[in-house]
Amino acid sequence: MFNIYIWNNPQYFLLLLLLVPLIVWYIFKHHQLSASIQVSDSRPYLYAGKSFKNYFKHLPFILRLLAFILLIIVLARPQSSNSWKNEVTKGIDIIISLDISGSMLAEDFKPNRIEAAKSVAIDFISGRPHDRIGLVVFSGESFTQCPITTDHPVLVNLFKDLKNGMLQDGTAIGMGLATAVARLKESKSISKVVILLTDGVNNAGSVPPLTAAEIARVYGVRVYTVGIGTTGKAPYPFQTAFGVQYQNVDVEIDEDVLRQISQLTGGKYFRATNNEKLREIYNEIDRLEKSRIDVRNYNERVEEYFIFALIAGLLLLTEFLIRFIILRNIP
């Protein structure tokens, strides 16, 4: 019952505490009203059967208590609610542009930079069900892995399939950004965003990074750039005749260019030095780029106290009939 109805005046349920003194009073009164009769010998009454009325002597009080509880429920005004809402979603179109060059195999992130970036990006996608999200990958060249879509399970599967070696090696930051902008330029969304992740310096491609940033600005695309890599050196796996050997290589990220890209487009630059920092960056981008959802709520409440009042009235009537007809006392 309490899970079905909305209670307009729930404070009246405090009156249920009065049941305790009422029950105590009834027990005390029952003992006080026990009748006695003086007879010379009580043995003839030992085997006398009890009247059926004896089994009903407490029923009037029980019925009155139940009626009292139901009247308190009436005072609390139970209401049923028929509600629904229409959501008019004005989502954000997002392209994640991910560097999958060979340097992304460095293991300063666990298990490596690519896998860490994929894992955090998948969590980010799962938390934005109303947005259209796409995926661009780049290394020495760029490629649209998935156009913007609301079919997030398909997008997540494509993320899971990413690996180094899918494209010619290198770091074409400008191409990665330009391809992402090309996927967004026709978008009618209120907000268009590119999240560009890289761990290196632009050394390939036919589009300079700042030129791509200017194109993004013209089309109203905001770019958040993320430099992935610890400070100093990072362990990198090299395949040798004796198996995989690790060497510490210098971490080189063109932070100046990434910062300029974000400034030109109204975005922000971040530096991720470990898995947790990368997760925090995605959480911050998630807070900065919230979907706008207009929700229209319709709520209709119906009073439901009548059935409780009716049952309480029937209980009081039954209690009256039992008390003054079946269990009537003769003075």
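Helices (H or I, at least four residues) and strands (E, at least two) are DSSP runs, numbered from the N terminus. Contact means heavy atoms within 4.5 Å, and axes are lines fitted to C-alpha atoms, for helices over the stretch in contact, with angles running from 0 to 180 degrees between N-to-C directions. The structure is a predicted model, in which local features need pLDDT of at least 70 and side-chain atom pairs count only at pLDDT 80 or more, while totals for chains, interfaces and linings use all residues. Residues are numbered from 1 along each chain as its sequence is written, and side-chain values use heavy atoms, with hydrogens and water left out.

The protein contains nine helices and eleven strands. Of its 331 residues, 40% count as buried; buried means under 20% relative accessible area, exposed over 50%, and partly exposed in between (1.4 Å probe, protein chains only). Among contacts with a separation of 6 or more, 81% are made by residues 24 or more positions apart. The protein exposes about 19400 Å², of which carbon and sulfur atoms supply 57%; accessible areas come from the Shrake-Rupley method with a 1.4 Å probe, and for residues only the protein chains shown count as cover.

The description now turns to a sheet. Strands of a sheet pair through backbone hydrogen bonds, either parallel or antiparallel. Here, two strands are taken to pair if DSSP finds at least two bridges between them. Six strands form an open sheet in the order 5-4-3-6-7-10, with mixed pairing. Its edges are strand 5 (142-149) and strand 10 (269-272), each of which pairs on one side only. From one strand to the next, the twist averages 15 degrees.

Within this sheet, strand 3 (residues 93-99) and strand 4 (residues 132-138) run parallel and are joined by seven bridges. Ile95 has Gly134 of strand 4 as its bridge partner. Strand 6 (residues 192-198) and strand 7 likewise pair in the parallel sense, over seven bridges, and Leu196 has Thr225 of strand 7 as its bridge partner. Strand 7 (residues 221-228) is mostly covered, with seven of its eight residues buried.

Helix 4 (residues 152-160) lies across strand 3, strand 4 and strand 5, and runs at about 15 degrees to strand 4. His152 belongs to this helix and is buried, with a relative accessible area of 9%. Leaving aside residues up to four places away in sequence, His152 touches Ile125, Arg128, Pro129, Asp131 and Ile133.

Beyond residues up to four places away in sequence, Phe270 touches Tyr224, Thr225, Val226, Gly227, Ile281, Glu284 and Ile285. Phe270 and Ile281 are eleven residues apart in sequence and 6.9 Å apart in space, C-alpha to C-alpha.

The structure holds 15 salt bridges, a salt bridge being a side-chain nitrogen of Lys or Arg within 4 Å of a carboxyl oxygen of Asp or Glu. In one of them, the side chains of Glu319 and Arg64 meet at 2.8 Å, N to O. Glu319 lies in helix 9 and Arg64 in helix 2 (residues 59-75), so this pair ties together parts that are 255 residues apart in sequence. Glu319 counts as buried at 5% relative accessibility, whereas Arg64 is partly exposed at 43%.

Another salt bridge joins the side chains of Glu289 and Arg222 (2.6 Å, N to O). Because Glu289 lies in the loop between helix 8 (275-288) and strand 11 (292-303) and Arg222 in strand 7, the pair ties together parts that are 67 residues apart in sequence. Glu289 counts as buried at 4% relative accessibility, while Arg222 is partly exposed at 25%.

Arg271 forms a salt bridge with Glu255, the closest N and O atoms being 3.2 Å apart. Since Arg271 lies in strand 10 and Glu255 in helix 7 (residues 255-265), this pair ties together parts that are 16 residues apart in sequence. Salt bridges that share partners also join Asp108, Arg113 and Asp199 into one network.

Helix 9 (residues 305-326) includes Leu310, which is partly exposed, with a relative accessible area of 40%. Leu310 also contributes to a nonpolar surface patch of about 1100 Å², whose other members include Tyr305, Phe306, Leu314, Phe320 and Ile326. Patches are made of residues with over 30% relative accessible area and no salt bridge; like charges are joined within 9 Å, and nonpolar side chains (Val, Leu, Ile, Met, Phe, Trp, Tyr) within 5 Å.
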